[in-house]
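Subject: Structure handover

Hello,

Here is the structure I promised you. Please open it next to this email and follow along.

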Amino acid sequence: MAWVLKMDDATIESGLVHDFDASLSGIGQELGAGAYSMSDVLALPIFKQEDTSLPPESETKNPPFQYVLCAATSPAVKLHDETLTYLNQGQSYEVRMLDNRKPEELPEINNKMVKSTVRVVFHDRRLQYTEHQQLEGWRWNRPGDRLLDIDIPMSVGIVEPKTHPSQLNAAEFLWDMNKRTSVFVQVHCISTEFTPRKHGGEKGVPFRIQIDTFAQGDSGEYTEHLHSASCQIKVFKPKGADRKQKTDREKMEKRTAQEKEKYQPSYDTTILSECSPWPDNAYVSPNQAATPSFTSAPLSTYTTSSVPDSDSSSPNHQADPGSHGNSEQLSPTASIQDAQKWLLKNRFSSYTRLFSHFSGSDLLKLTRDDLVQICGPADGIRLFNALKSRSVRPRLTVYVCQESPQESPLLERHATNENGEHSISPSLHVYHALYLEELTAAELIRKMACVCSLPLGTINQVYRQGPTGIHILLSDQMVYNLPDESCFLISTVKDELGEGLHLILK
């Protein structure tokens, strides 16, 4: 059985008005004029559901450690931007290592040592991708130097400080959280060293000082990551940071009060902000020497790969016949695998990973400035010259020919004999070009033996035919004073014993 309640519209309307008035009168009693506050409004049930999604203020997580760099921040940094600190090259700066843990936080490391690694790295993402090449270029230009060092005599509370020869931009140490700890660091690279020089006055690139702290794991190694923090810096030549700080301060003093509100104030110290840990595959120098000393870069590091060596008989760095050391030009149609092989063959093995997705066409499209930015000045110029097959003019060019000409179909000349019959007699001499770099008699003899197919050990003496047919012994001074593009006929004469040969240049 269904029940139906019938009410007219007037009755329904009067009931709704009565209920609404009652609800309003209740609110009025709770929130009178004298007791009204925003906290009371937010306490109403309608707002309580949204409030539960916000984390309680007591649950705000503080970092377990804090690192403070004792150097003033720049006043010319806008609000909400990251702080910027200027440092002098080679000057020792204190970094305070503070234990910021709550009493119940990380109890497993109480009364234990922790290891921290401090490093200087690039701030720009573009340079981070080419960090290995940038730092390798810096190492070649400044052999024996480090980018970062710990000033051990001035440091307090650190144990077993280490600087690995394979990591020029990092240092590590152990420290006790229960004791006052301060590590003094020195940055030896300046920001403008990684800026392509075009017209002078370029702005230097910013760096970052980053500290990663680790606890001892079950294996006894410090591999358990605890905390990482970093700050942005720029490094100037000695006293340059002080001048830059003074310039920024004077610029801010000239601004109006309204403009100053857009900038953050300068602080006496710089607090490193939390960040992600630095990746494990950070820069490692290929020089795995056991001591911090580095040998000077070989001369070939600063020269292009197209300079002919002592065995070269071509200005395009082509080796003597029979040698497999030729440098081939990279083809635009070369695949990625072919480009990798070309890099390895031309002594660019440290860049194969960087160019792992580059084909021959991609590499050839890179400009000189691109390669200098990616690979550094030394290797960048060398790679550019190798890609463009830029040859270097030899110091001396000599043309030589064996006295008895070899018959060749291309050089045959027709002649008529006494019977009127046509005969073929070779009458043209075939010359070979020799390109000399050392300008020594040994170099010329070695290359003449090669083009004449004579064993080098069978040549006893080499003479040059002088005035009235005299024979002058070939010497280094004679070769040095030869006019460029000299032509010689080589005549071979057996010695008295018949075991060796004398060469006569006519």
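The second largest cavity has a volume of about 30 Å³. A cavity here is a set of points on a 1 Å grid, over the protein atoms alone, where a 1.4 Å probe fits but cannot get out. Grid points are joined across faces, edges and corners, and the volume is the space filled by probe spheres set on the points.

Before the rest, some ground rules. This is a predicted model, so local features need pLDDT of at least 70 and side-chain atom pairs count only at pLDDT 80 or more, while totals for chains, interfaces and linings use all residues. Residues are numbered from 1 along each chain as its sequence is written, and side-chain values use heavy atoms, with hydrogens and water left out.

**The two cavities**

The whole structure was searched, and two cavities of 30 Å³ or more turned up. Lining residues have an atom within 4 Å of a point. By class, two are nonpolar, three polar and two charged. Ala, Val, Leu, Ile, Met, Phe, Trp, Tyr, Cys and Pro count as nonpolar; Asp, Glu, Lys and Arg are charged; the others, Gly among them, are polar. Strand 7 (residues 170–176) gives the largest share of this lining, three residues. Helices (H or I, at least four residues) and strands (E, at least two) are DSSP runs, numbered from the N terminus.

Now the largest cavity. It holds about 40 Å³ of space. V120, V121, F122, E131, L135, L147, N169 and F207 line the largest cavity. Strand 4 (113–122) and helix 5 (131–141) are the elements that give two or more residues to that lining. Strand 4 gives the most, with three residues. Six residues of the lining are nonpolar, one is polar and one is charged.

How many of the ten residues of strand 4 are buried? Nine are, so the strand is mostly covered (buried means under 20% relative accessible area, exposed over 50%, partly exposed in between, with a 1.4 Å probe and protein chains only).

Strand 4 pairs with two other strands. Two strands pair if DSSP finds at least two bridges between them. Seven bridges join strand 4 to strand 7, and the two run antiparallel. In that pairing, V114 stands opposite W175. Strand 9 (residues 207–216) is also antiparallel to strand 4, with eight bridges between them. There, K115 stands opposite F214. In a regular strand the side chains alternate between the two faces of the sheet.

**Salt bridges**

There are 13 salt bridges in the structure. Each is a side-chain nitrogen of Lys or Arg within 4 Å of a carboxyl oxygen of Asp or Glu.

- R146 and D149 meet at 3.2 Å, N to O. R146 is buried, at 9% relative accessible area.
- K244 and D248 meet at 3.6 Å, N to O. Both lie in helix 6 (residues 240–253), four residues apart, about one turn of the helix. K244 is partly exposed, at 29% relative accessible area. D248 is buried, at 3%.
- R382 and D379 meet at 3.5 Å, N to O. They are three residues apart in helix 10 (residues 368–387), so about one helical turn separates them. Both R382 and D379 are buried.

Salt bridges that share partners also join E94, R96 and R180 into one network.

**Helix 11**

Which residues of helix 11 (residues 441–451) are buried? They are A441, E443, L444, K447, M448 and A449. Several elements cover them, including strand 13 (396–402), strand 16 (432–436), strand 17 (459–465) and helix 12 (476–480). Strand 19 (486–494) and strand 20 (501–505) are also among the covering elements. S453 follows helix 11, and its phi is positive, near 55°.

**The whole protein**

Now step back. The protein has twelve helices and 20 strands. Of its 506 residues, 38% count as buried.

Best wishes

Definitions and conventions: On a 1 Å grid over the protein atoms alone, a cavity is a set of points where a 1.4 Å probe fits but cannot get out, and a pocket is an open set with protein on both sides within 12 Å along at least five of seven lines; lining residues have an atom within 4 Å of a point. Contact means heavy atoms within 4.5 Å.
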